[in-house]
Amino acid sequence: MPASSSASIDDIHNALLGAERVVLTSHIRPDGDAIGSELGVAHFLKALGKEVVVINSDSEPRRLGWLLDEHGGELVEKYEEGKLSQIEAFATADVVMVVDTGAAHRLGKVAERVQDAPGKKLLLDHHPDPETWFDLACVRTEAASTGELVYELIAGHDPNLIDENIATALYAAIMTDTGSFRYGATRPSTHRVVADLLERGGISPEPIHINIFDQRTRESLRLLSRALETITTHYSGRLASMVITQEILRESGAYFDETEGLINYALGLAGAVAALIFLETPHGIKVSFRSKGDCKVNGWAAQFGGGGHMNASGAYLRGKPLNSVVKEVIDKAPLHVMSSDPITAQDEDISQDDLALLSAFKGKLD
Ligand code: 5GP
Ligand code: MN
């Protein structure tokens, strides 16, 4: 790790206090942790009288629209190439702060603007192996979410600043990144942070959960039903996979961002220690990797140019058809899903299930 990775939350705090103008950003296809963490920092800086704008490469997913509508969406912009106010914001910011990713390619269209910005470049994140171009990088991989680190940043300054907006944004960040407080990274301190957010913000969990999880469209339920039909198991059931083709998306009428969370149904199979979802997009195949307990998937994703956390990672493969991506990724599974259990079929190259999956998508995969 570069020396800058060892920056503390106090270092980040001091750099922010010394700034007048701040630009915040996060990763492409921002999730609850990205948007919630950005909003949390943005409201904090506003309360301190700073000028602050959040500029993201992509819009928020539909399920987070309410968070922006009700809790500070006016602070968040989608990047537009050539937009003068945004060029100026990057050029005049004393600090450009990235949350929830330490990799330039994950910043999408703002990557160059961020890296070329004359201001101090800060990172607050919980992903391993940040890149070295940040002036200050505070990375705490033991944190279940970046939202928890933002809480520490704000509470360490003045916990009384935690109002309804900050509490809601950070609750959403932490709740989504911990899978509603059940993933392995969830710690006692995660619950303490959340308890404090509920109290100080005067908020309750139910409406946030309803807004995020219980607002599904009929189309997304249709997508779910089609997705469930594609679930296939491999390596004696230790791995479960799903495939969403463009055709399935089109026929169900769902939006791409409604594929989020589908993979958990595959991981929910008894006996599965890992799950994959292959999402066909117009430009390539997005693969998500998820696992339970000690099964680590970030090394597996890295074999395909991606990365992430031990139990949740992703990769994006271009220039290869769906069928070969499915086969290549599943072929690499044994090293990751079989390591502690030699009794299952180590040398099983392509299982009956794989073959069934391939034939089910024959038209697509030929
Ligand atoms: P998801 O599968 O939900 O898109 O991503 C899960 C996690 O994997 C993210 O939090 C992120 O850490 C990581 N991730 C997803 N896609 C990529 C990718 O293309 N490259 C890298 N390095 N990490 C990714
Ligand atoms: Mn995160």
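Q: Buried means under 20% relative accessible area, exposed over 50%, partly exposed in between (1.4 Å probe, protein chains only). So which is it for Asp-100 and Asp-177, buried or exposed?

A: Both Asp-100 and Asp-177 are buried. Bear in mind that this is a predicted model: local features need pLDDT of at least 70, side-chain atom pairs 80 or more, while totals for chains, interfaces and linings use all residues. Residues count from 1 along each chain as written, chains are lettered from A and ligands numbered from 1 in written order, and side-chain values use heavy atoms, without hydrogens or water.

Q: What coordinates the manganese ion (ligand 2)?

A: Asp-33, Asp-100 and Asp-177 each through OD, plus His-126 through NE2, at 2.1 to 2.4 Å. Donors are N, O and S atoms within 2.8 Å of the metal (3.2 Å for Na, K and Ca), and with water absent a site may look incomplete.

Q: How are those donors spaced along the chain?

A: As D-x66-D-x25-H-x50-D. Asp-100 sits in the loop between β4 and α5 (111-116) and Asp-177 in helix α7 (residues 164-177), so this pair ties together parts 77 residues apart in sequence. Helices (H or I, at least four residues) and strands (E, at least two) are DSSP runs, numbered from the N terminus.

Q: Switching topic: where's His-43?

A: In helix α2, which covers residues 32-47. His-43 counts as buried because its relative accessibility is 11%.

Q: And what does His-43 touch?

A: Leaving out residues up to four places away in sequence, the list is His-71, Gly-72, Leu-75, Asn-165 and Ile-166. Contact means heavy atoms within 4.5 Å.

Q: Which residues of helix α1 are buried?

A: In α1 (residues 9-17), they're Ile-9, Ile-12, His-13, Ala-15 and Leu-16. They span an arc of only 165° around the axis, so they're on the same side of α1. The buried residues of α1 pack against α2 and α6 (146-157), along with strands β1 (21-25), β4 (95-99), β5 (120-125) and β6 (136-139).

Q: How many aromatic pairs turn up in the whole structure?

A: Three. One is Phe-289 with Trp-300: the ring centres are 5.2 Å apart and the planes at 70°, so the pair is edge-to-face. Rings of Phe, Tyr and Trp (its six-membered ring) pair with centres within 6.5 Å; planes under 30 degrees apart are stacked, over 60 edge-to-face, the rest tilted.

Q: Where do Phe-289 and Trp-300 sit?

A: Phe-289 is in strand β10 (residues 284-291) and Trp-300 in helix α13 (residues 298-302), so the pair ties together parts eleven residues apart in sequence. Both Phe-289 and Trp-300 are buried.

Conventions: The arc is that of the directions from the helix axis to the C-beta atoms.
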